[in-house]
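Please keep the structure in view while working through the numbered points.

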Amino acid sequence: MTSSEPPQKTYGITSPITLAGPKPEDLRLSEQLVEALKPHGVFENDEELNHRLKVLSKLDGIVKSWIKQTAVTKKLPPSIADNVGGKIYTFGSYRLGVHTKGADIDTLCVAPLHIDRSDFFRSFLEIMKGLEETKDIRPVEGAFVPVIKLEFDNIEMDILFARLALRTIPEDLDLTDDNLLRNLDQKCVRSLNGCRVTDEILNLVPNKETFRLCLRAIKLWAKKKGIYSNTLGFLGGVSWAMLVARTCQLYPNVAASTLVNKFFLVFTQWAWPQPVLLKQPKPTNDLHFPVWDPRVNVQDRFHLLPIITPAYPQQNSTYNVTQSTKAVIEQELKEGLAVTQEILQGKASWEKLFTPSNFFQKYKHYIVLIASAGSKEHHLEWVGLVESKIRILVGSLERNSHIKLAHVNPKGYSSPPSEEDEKKDNYCSVWFIGLEFQHLDTSTNIDLTYDIRFFVDRTHQQAVGINMWKEGMKIEAKHVKRKQLTTYLPESVLKIKKKKNQSLGTQSTETTPSKPPPVTTPEVRTPVGHRKPENMSEDEFLYGSDSRGSTPGDYQSPVVKVSDEDQIAPETTPEAVPDGASGEEVTVVDQPEEKDTNGTEEMKVSSASPEGNGSFKRPAKRISDELDSDPENQPKRVKSDEALVPTGGQGDHSVPNGQEESARAAMPPLIIKQQRTSSEDLPELTSPAPQATTLGKKPIKLQLLPGNNT
């Protein structure tokens, strides 16, 4: 850059990392990226684009006619009613220019002050229902942002409503003006925020075309990896757009291919919960709307991945993120960085980045949620409400000390109707939550009754509160193991898994012995010339024995032998015994990994039972002990005036202890239990058929059987 050229405009709250431009190789990779996106339906042709424009023009005319008709009904003079105006605005992916084939259009109906929200959900709704182009229309008046969802002329649309404090709505009205927010209620402000945020994002990126191409790639990647859903606690379209926009601000001149790699690089190293900001928040003004500020608002301090909208009033677009969804997102970002590094080095193609992840291969245990209703119309309403509340169940499961991760699949499935369902005209939708447990001993009982009951009751209460509840609306919860998912999922999803199950099942039936052989640990060294005496057991020969006949605590046998006659209950505190545990079963067996060693499944012992004289074998290393105890290697806490946010969990789903205890006492337990096995006889374990239970009166018992958790 010569001294005569003006300095480049700076975007964002910091200066860019580099101003370097693209290289020929980067431009070539960007062209390959475009070609890789085309098979996925990312780009629309001219005919489809023109159809969307015609549909929006038709909808805009309907809105203007409705506002004029409503003005006449409210006794406004005809001369005024003819000029009050009204307009349809777009926002979201369509406004950003990154919508895909078949995507919906987010729209906003802006009306003058004499039009009420009740008019929108009454008279306007009736007008739309009477049009032949309208299908599957359903109002959601009680939502956080009230909306009418419908399919209009073969295009799905969401229509929001905002009433401005203006007598007329001009055609060139700029919604980014903060003065338009005066004298508006919270629902109107939230409805306007979609358009205002979208326009601000486009104004805060240096190169709109590069931004759009990169955002298309990131959105496709997020959908393929199952982390694209604001409702279920992942990131929605506006959140991904703001992350890409921030990357554009840091690398304003690079090509789209480089920008995709930098996106993963930046946000794998981001110091969460430090917020992502596209511009400095405006100081407090006289409008006094609540804004995201952890220094003032206590609830804002518990947000895990704060991404702050650039338009006033600033809000966190990712307040739904939970500990589990955060962990899943961070893992996918790390894998995305590794793949893009290979692409830039010429070791892989872009198709590898967009390879779908198989959610149903990741976990051994799943909770199946089934929402059903008696008619198609009722089912559409019921499914939307249930889906919006699943994150409450995920947050409740996360607070269970025995659950390490509760991962919900954003994709819902239509349950194949049975003959009985068809007779009853029953419509069902299914969601799956993968569960990953902490290392549990065989005497641990996990009570999930309260967690799922709380979710069911909250959903039912809201349905009744907004007058949505209809006869036949139900929620069911079932526990299944991985190999039992074929009951609920189509063959196209599980065909790879099915083949694998068949081969593993055959091998397990033929080669698995009833008793696993002992496994020699690396610490034990047996002299070559030393032979085991006939009167000595294998464990005594390998690990030695003390005067009491027990193996020393320095070494642990692969399976602990505890007979019922000799078993003595350990001394435990009340906190150490989980709910539902008998306190007598003390054999501890880690859940084994799926390993195949000549058809033999090995089981590792994490701790042993006490002998009659009170001696204990050395327990396994705790999870906290495996962490690096060096303070230099610990993650540093973020201290910033912009975000003094602790890394704790979600604080808005907490339940008073008194309510929790009373709820547990009032209902039967929902138990996940690990059963004790003896090393004397380990029969082949077969998985029972999944027991479907409606969560209302009966409990669900989930059994984790050692050595058969697949």
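1. A definition is needed before the helix packing is discussed: an axis is a line fitted to C-alpha atoms, for helices over the stretch in contact, and the angle between two axes runs from 0 to 180 degrees between N-to-C directions. Two packed helices are described by the angle between their axes and the distance between the axes. With these terms, helix α7 (residues 208–224) and helix α9 (residues 256–268) pack at an angle of about 50°, their axes being 9 Å apart. For this reason α7 is oblique to α9. The crossing of α7 and α9 is right-handed. Please note that the model is predicted.

2. The contact of α7 with α9 can be followed residue by residue. On the α7 side are Thr210, Leu213, Cys214, Ala217, Ile218 and Trp221, which meet Ala256, Leu259, Val260, Phe263 and Phe264 of α9. By class, this contact of α7 with α9 holds 10 nonpolar residues, one polar residue and no charged residues.

3. The axes of helix α11 (residues 376–398) and helix α13 (residues 449–465) come within 9 Å and cross at roughly 150°. Angles over 145 degrees count as roughly antiparallel, and α11 and α13 are therefore roughly antiparallel to each other. The crossing of α11 past α13 is right-handed.

4. In the contact of these helices, the α11 residues include Trp382, Leu385, Lys389 and Ser396, while those of α13 include Asp451, Phe454, Arg458 and Gln462. The residues of the contact of α11 with α13 divide into 11 nonpolar, four polar and three charged.

5. For the chain as a whole, the model has 17 helices and 16 strands. The protein chain has 710 residues, of which 46% count as buried. Among contacts between residues at least 6 apart in sequence, 75% join residues at least 24 apart.

6. Aromatic residues deserve a separate point. The count comes to 25 aromatic pairs. In one of these, Trp66 and Phe120 form an edge-to-face pair, at 6.4 Å centre to centre and with 65° between the planes. This pair links distant parts of the chain, for Trp66 is in helix α2 (residues 46–73) and Phe120 is in helix α5 (residues 117–129), 54 residues apart. Are these two residues buried or exposed? Trp66 has a relative accessible area of 1% and is buried; Phe120, at 0% relative accessibility, also counts as buried.

7. What is the geometry of the pair Phe432 and Tyr488? The ring centres of Phe432 and Tyr488 are 6.5 Å apart and the planes are at 70°, so the pair is edge-to-face. This pair, too, links distant parts of the chain: Phe432 is in strand β9 (residues 427–437), and Tyr488 is in the loop between β11 (474–481) and α14 (491–511), 56 residues apart. Both Phe432 and Tyr488 are buried.

8. One aromatic cluster is formed by Trp221, Trp240, Phe263, Phe264, Phe267, Trp270 and Trp272. Trp221, Phe263 and Phe264 are also among the residues that meet in the contact of α7 with α9. Trp272 is joined to Pro273 by a cis peptide bond, with omega about 5°.

9. Most residues other than glycine have a negative phi, and most peptide bonds are trans.

10. Lys75 has a positive phi of about 70° although it is not a glycine. Lys75 is in the loop between α2 and α3 (78–81) and, at 73% relative accessibility, counts as exposed. His288 is not a glycine either, and its phi is positive, near 60°. His288 is in the loop between α9 and α10 and counts as exposed at 62% relative accessibility.

11. The last point concerns Val339, in helix α10 (residues 323–344). Why does Val339 count as buried? Its relative accessibility is 14%, and buried means under 20%. Leaving aside neighbours within four places in sequence, Val339 is in contact with Lys352 and Leu353. Val339 and Ser349 are 10 residues apart in sequence and 8.9 Å apart in space, C-alpha to C-alpha.

How values were computed: Residues numbered from 1 in each chain as written. Predicted model: local features only at pLDDT ≥ 70, side-chain atom pairs only at ≥ 80, totals over all residues. Heavy atoms only, no water. Helix = DSSP H or I, 4+ residues; strand = E, 2+ residues; numbered from the N terminus. Buried < 20%, exposed > 50% of the residue type's maximum accessible area, 1.4 Å probe, protein only. Contact = heavy atoms within 4.5 Å. Parallel < 35°, antiparallel > 145°, perpendicular 65-115°, else oblique. Left-handed = near helix turned anticlockwise from the far one by under 90°. Nonpolar A, V, L, I, M, F, W, Y, C, P; charged D, E, K, R; others polar. Phe/Tyr/Trp six-rings, centres within 6.5 Å; stacked < 30°, edge-to-face > 60°.
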